[in-house]
Amino acid sequence: QVQLVESGGGLVQAGDSLRLSCAASGRTFSRYTVGWLRQAPGKEREFVATITYTGDAYYADSVKGRFTIVRDNAKNTVYLRMTSLKSGDTAVYYCAADLRRWPDEYNSWGQGTQVTVSS
């Protein structure tokens, strides 16, 4: 398994931007598909975005056009660039990784980082 640590969360206003980072340990990070998921209070965890080990990205409809996921394998890091933030984006954001290209469940998880968007 790979170890994951998220950072970059915080309190922002609606319309602001934020970049989350997911730093991974291990020399085989480039072989992992990495996803971002989020969980708002009282709601189930939901998919946000994923980037495969081949570099293909996929987004939830709710964030498409506002969020961008990129990876830097040299730094063992995946970033989630979030723009035009809305109050509905408020949640704990988790990064997760798996060796499968399109996992339905991820094998490794970070501890999460809080994003709060005030309206």
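**Sheet**

The model is predicted: local features need pLDDT of at least 70, side-chain atom pairs count only at pLDDT 80 or more, and totals for chains, interfaces and linings use all residues. Residues are numbered from 1 along each chain as its sequence is written, and side-chain values use heavy atoms, with hydrogens and water left out.

I took strands as DSSP runs of E, at least two residues long, numbered from the N terminus; two strands pair if DSSP finds at least two bridges between them.

I then followed strand S3 (residues 18–24), which runs antiparallel to S8 and is joined to S8 by 6 bridges. Cys-22 has Val-78 in S8 as its bridge partner.

**Core**

I looked up the largest nonpolar core, which has 30 residues (a set of buried Ala, Val, Leu, Ile, Met, Phe, Trp, Tyr and Cys residues joined through side-chain atoms within 4.5 Å). Trp-36, Leu-80, Met-82 and Tyr-93 have the most contacts inside this core. Among the elements that give two or more residues to the core are S3, S7, S8 and strand S4 (33–39).

I listed the contacts (heavy atoms within 4.5 Å) of Leu-80. Leaving aside residues up to four places away in sequence, Leu-80 touches Trp-36 and Tyr-93, and also Leu-18, Leu-20 and Phe-67, among others.

In soluble globular proteins, nonpolar side chains tend to be buried together.

**Salt bridges**

I counted 7 salt bridges, each a side-chain nitrogen of Lys or Arg within 4 Å of a carboxyl oxygen of Asp or Glu. For burial I used relative accessible area: buried is under 20%, exposed over 50%, partly exposed in between (1.4 Å probe, protein chains only).

Asp-89 and Arg-66 form a salt bridge at 2.8 Å, N to O. This pair links distant parts of the chain, 23 residues apart: Asp-89 lies in the loop between strand S8 (77–82) and strand S9 (91–98), and Arg-66 in the loop between strand S6 (57–59) and strand S7 (67–72). Both Asp-89 and Arg-66 are buried. I also found Arg-66 and Asp-89 linked with Arg-38 and Glu-46 in a network of salt bridges.

Arg-100 and Asp-104 meet at 3.5 Å, N to O; Arg-100 is partly exposed at 43%, whereas Asp-104 is exposed at 64%. Asp-61 pairs with Lys-64 at 3.1 Å, N to O, and Asp-61 counts as exposed because its relative accessibility is 67%.

Conventions. Helix = DSSP H or I, 4+ residues; strand = E, 2+ residues; numbered from the N terminus.
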